[in-house]
Amino acid sequence: MTAPPSLTLRTPDDWHLHLRDGAMLQAVVGATSRQFRRAIVMPNLVPPVRQSADAARYRDAILAAVPPGQAFDPLMTLYLTEETDPEDLRRGVEAGIVTAVKLYPAGATTNSDAGVRNLRVLDPVFEMLTRLGAPLLIHGEVVDPEIDIFDREAVFIERELIPLRARHPELKVVFEHITTADAVAYVESEGPTLAATLTAHHLRLNRNDLLVGGMRPHHFCLPVAKRETHRLALRKAATSGNPKFFLGTDSAPHLVADKESACGCAGIFSAPIALESYATSFEEDNALGRLEAFASEFGPRFYGLPLNKGTVTLERIATPVEADWPTPLGPVRIYHGGETLAWRLKSG
Ligand code: DOR
Ligand code: ZN
């Protein structure tokens, strides 16, 4: 099938994004607001966004950093801790400040030290979320040092997710940035209160891309890319037209110097070329006709939010990607940096 010369989509949203704060926020927010109308903003700052008042302040800082002329709605999340107060959560959601709550198992990933050790103490928070109809967003990896890093997502399903969902079947859950065929199968097998996000990079990278021919720190993220059979399952889920799977980039800027180090940070910065990367994957699977629903419809439907009204256009023009995104703190490597992509987002 030959690809069309251009593709116009209802304006999409990014249902999983890291914007950081301070100078990094200033430098990166425009990369997302150029592509997406809304984004679910992760709360793993230092210190984390724990209370509704923190989320309100962070939201103001994001809005102040959006380039003039761009319309962008940051949808805020609270960082779940064992001290999260259900009443503060209720006030934040009812005031329209908080959209969702993010669960990081303690120590699972970047800035997750304040995360949760025992999910069971949080039942009052999960009951409040259920009552409010607000979703719980889950970084689904166990942190048990005895579990191999490549198995941590699959083990999380058995040990944590199934019991949690049995206790709270009506709670809306987004299993974030899934990386395994196990997660795809579990999400498919469950009812409409469970969905999953898929990143642009996990649709393209397997663990060979991380390790063969030398260690590639710019392909390192968490959950780590798995073997090829898993990547293929993710592709199939993304392009299937199943509304339980939708777009969430997990774009996560780190300085090149922090990634190319003896203990390189996890995170891939895909915001500047996110739609182009997804379009490349969907085209490879002859599924461009399903990109719009994945990028612009299934997410808002799951969250119970209106669909965006405008459109964006991708043009099929070979376009080289800059290696780095400049920031006052130093460069950040762009996912696909130095490659040529077949698609380009039309500006304006
Ligand atoms: O690769 C990742 N980077 N995974 C995460 O869960 C967090 C993120 C970050 O904040 O850098
Ligand atoms: Zn993330």
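How far from an oxygen atom of ligand 1 does a polar side-chain atom of His254 lie? The distance is 2.7 Å, a polar contact in the sense of a pair of N or O atoms within 3.5 Å (within protein, one must be able to donate a hydrogen and the other to accept it, and residues adjacent in sequence count only if both atoms are side-chain atoms).

This is a predicted model, in which local features need pLDDT of at least 70 and side-chain atom pairs count only at pLDDT 80 or more, while totals for chains, interfaces and linings use all residues. Residues are numbered from 1 along each chain as its sequence is written, chains are lettered from A and ligands numbered from 1 in the order in which they are written, and side-chain values use heavy atoms, with hydrogens and water left out.

| Residue | Protein atom | Ligand 1 atom | Distance |
|---|---|---|---|
| His254 | polar side-chain atom | oxygen | 2.7 Å |
| Ala266 | backbone N or O atom | nitrogen | 3.0 Å |
| Gly267 | polar backbone atom | oxygen | 3.2 Å |

Taken alone, ligand 1 exposes 290 Å², of which the protein buries 100%; accessible areas come from the Shrake-Rupley method with a 1.4 Å probe, and for residues only the protein chains shown count as cover. Around ligand 1 stand 13 residues, the closest being Arg20, Asn44, Leu222, His254 and Ala266, where a residue is near if one of its heavy atoms lies within 4 Å.

Leu222 is also joined to Pro223 by a cis peptide bond with omega of about -5 degrees, and Pro223 belongs to the loop between α7 (207–211) and α8 (228–238); helices (H or I, at least four residues) and strands (E, at least two) are DSSP runs, numbered from the N terminus. Another cis peptide bond, between Val46 and Pro47, has omega of about -5 degrees, with Pro47 in the loop between β3 (38–41) and α2 (52–65).

Five bridges join β1 to the antiparallel β10 (residues 311–315), and Leu7 stands opposite Leu314 in β10.

Note on methods:
Pairing = 2+ DSSP bridges.
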